[in-house]
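Please look through the structure below with the text beside it.

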Amino acid sequence: MASISETLLFFSIILALSRAMHSASVVEDLNNLKPPPDFSTTIRNNCIHNPSLRYCNSSDLNEIFKSTIVASHLCNESRNPNCVETFPKIDLRSRPKIAPLYLSFSFFWKYCPLSILSIDLSNNSMKGSFPIDVLQCTQIQALDLSHNELTGDVPIHSFSPLTNLTLLNLSYNYFSESTMSDTEFFKRFNASSFIHSGLLPNQKKFTIKVIILLVGFPIFVILMVGCFGWLFFVRPDFLPRVFRRENKFTPSMLKAATDGFSRENLVGKGEGVDMYRGVLRDGTQVRIEIYRDDISRESQRRFEEECKVLVQLSHENIVQVLGSCSRRKLRAIITEWMEGENVEMWLSRSAPSWKHRLKILMGVVKGMCYLHEEWPEVGYDLRTSSVLLSDNLEPLISRFKVGDQSSSTRINWISNLLSEIHKIGVFLLEILVSSRLSDESKSGEVRFIDHIRKHYPGNLREVIDERMKMTENSFDQAKQLIRLGLMCTDQSSSHHPHLSQIADIITRAYESWNVLASPTHKRSPGDKGHKRIQSR
């Protein structure tokens, strides 16, 4: 039962707030209100009578005064029968104009009257987050926030102090789905408390999510694995380097690099070999040799093994091999692109001097010695049409015979060595004579060698390239080297010079020419000729 002074205070409060509600700003009017002189005495007496009142521990009289004014007016707005005696409920159902206003009075909820047992704020189309201030009324037994447009998370843990709460209605809102559906909070209330609230998983949506998860995710994984697998095996150049197979190219990569093996990029053709110019995805220009013959699986395996060797070659007179492509119907060797011409074109286009021809021979022999000593299992093509020239006229062995080399027996090793000697012999003769080896077949090669042999030694001036301005010394050197070339290509003889002897003779000829060409050199009787070639 309230005291007489408290009763009088309630009446004055009602009148004050009634005036305030008609003003332009309720909040401003509340701030302008001051407590009457005896207000502190009334509060003190109330706290003596009921120490559990929430404002008993507060010293802010202005805030307490404003909260009692709002409480008095709210009690009447909620249609309580006797606001002087008690304030059992807050009922602002379907009051969208004033409900948000009362929610904004945080000082009221701070000192929420202990008599309030029910709060109904339903059907107000309120927006925003959960009105957590109402939970300061920890004694309430019922709370209805249904039919609003509230969003965000529900502060589930803040409901713990509300031990008397037995009726809760959060239906028809847009709260975030809870991840705590198995907690005690949901066990306290039945499912009707959360109809279309967004808190509980929507069964239909949940079923759709499960279907998407169970069906869509595996499909997504399959697609991703398929896409990655396609890139890995078909276009690995789109992947980061860490995922690429080193020195491995695919037919699709080569097709893209050559614009579909277009005629514009076809730079040469040979027996079973097409040579293309290509540009890799990173902008690197390459030379691609395509072998289209169908081979056995064993030959393909041998091709792959030998390509692993080719990418390890490193010499100034050997074109760098970047990698290979190995398929049964399409094999390829990819090397760096050289802008220069080959030796055959160089000999035909210009009239190279004797010194430059010796330099070419030296470079080729150096490359041969490197392959013979370091990689004896690697075969190569040694023709003027396949030896390229760099910008500074360094010869580069550029074509390799992959897939038909074998060094498993001594007989094969000797056969390969003799083949190398024969190749350098033919190359040496092509460098020196005026006629070209137009027919690269075996019979054409025999006719070319026989033509030179007929004029050796007495009529060599008829076959030596007349465009070279040769002195007597250079002619003697050319004569000796032609003899060396004929010895290397002599099929009837079982004695051929060693590769090291060939290299020694060509080196001494080059060094001797440098000395002879020196303006300070004076010829002596011993300058003419070289040591006789050793045979085996």
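**Cysteines, sheet and backbone**

C488 is buried, with a relative accessibility of 3%. The model in which this value was computed is a predicted one. C307 is likewise buried, with a relative accessible area of 3%.

A disulfide is a covalent bond between the sulfur atoms of two cysteines. Searching the whole structure turns up three disulfides. With the bonded cysteines of the chain numbered in sequence order, the pairing reads 1-2, 3-4, 5-6.

One of the disulfides connects C47 and C56, with 2.2 Å from S to S. Its torsion about the S-S bond is about -105°, so this disulfide is left-handed. C47 is buried at 15% relative accessibility, whereas C56, with a relative accessible area of 22%, is partly exposed. Since buried means under 20% relative accessible area, the two cysteines fall on either side of that limit.

Another disulfide is formed by C75 and C83, whose sulfur atoms are 2.2 Å apart. The link of C75 and C83 is left-handed, with -100° about the S-S bond. C75 and C83 are both buried.

Which cysteine is joined to C112? The partner is C137, and the S to S distance is 2.1 Å. With 115° about the S-S bond, the link of C112 and C137 is right-handed. This pair links distant parts of the chain, 25 residues apart. C112 sits in the loop between α6 (106–110) and β2 (118–120), and C137 sits in the loop between β3 (127–128) and β4. Both cysteines of this pair are buried.

Strands of a sheet pair through backbone hydrogen bonds, either parallel or antiparallel. Here four strands make up an open sheet with parallel pairing, in the order β1-β2-β4-β6. The edges are held by β1 (89–91) and β6 (167–169); each has a single partner strand, so one side of each is left without a neighbour in the sheet. On average, neighbouring strands of this sheet are turned by 5° against each other, direction ignored.

How many bridges join β4 to β6? Three bridges do so, between strands that run parallel, with β4 covering residues 142–144. D144 stands opposite N169 of β6.

The loop between β6 and β7 (174–175) holds Y172. Y172 is not a glycine, yet its phi is positive, about 55°. Is Y172 buried or partly exposed? Y172 is partly exposed, with 38% relative accessible area.

D259 also has a positive phi of about 55° although it is not a glycine. D259 is found in the loop between α9 (251–257) and β8 (266–270). At 59% relative accessibility, D259 is exposed.

The last point concerns a peptide bond. The bond from Y456 to P457 is cis, with omega near 0°. P457 has its place in the loop between α14 (442–455) and α15 (472–488).

Key
Residues are numbered from 1 along each chain as its sequence is written. This is a predicted model: local features need pLDDT of at least 70, side-chain atom pairs count only at pLDDT 80 or more; totals for chains, interfaces and linings use all residues. Side-chain values use heavy atoms; hydrogens and water are left out. Two strands pair if DSSP finds at least two bridges between them. Helices (H or I, at least four residues) and strands (E, at least two) are DSSP runs, numbered from the N terminus. Axes are lines fitted to C-alpha atoms, for helices over the stretch in contact, and angles run from 0 to 180 degrees between N-to-C directions. Buried means under 20% relative accessible area, exposed over 50%, partly exposed in between (1.4 Å probe, protein chains only). A disulfide is a pair of cysteine sulfur atoms within 2.5 Å.
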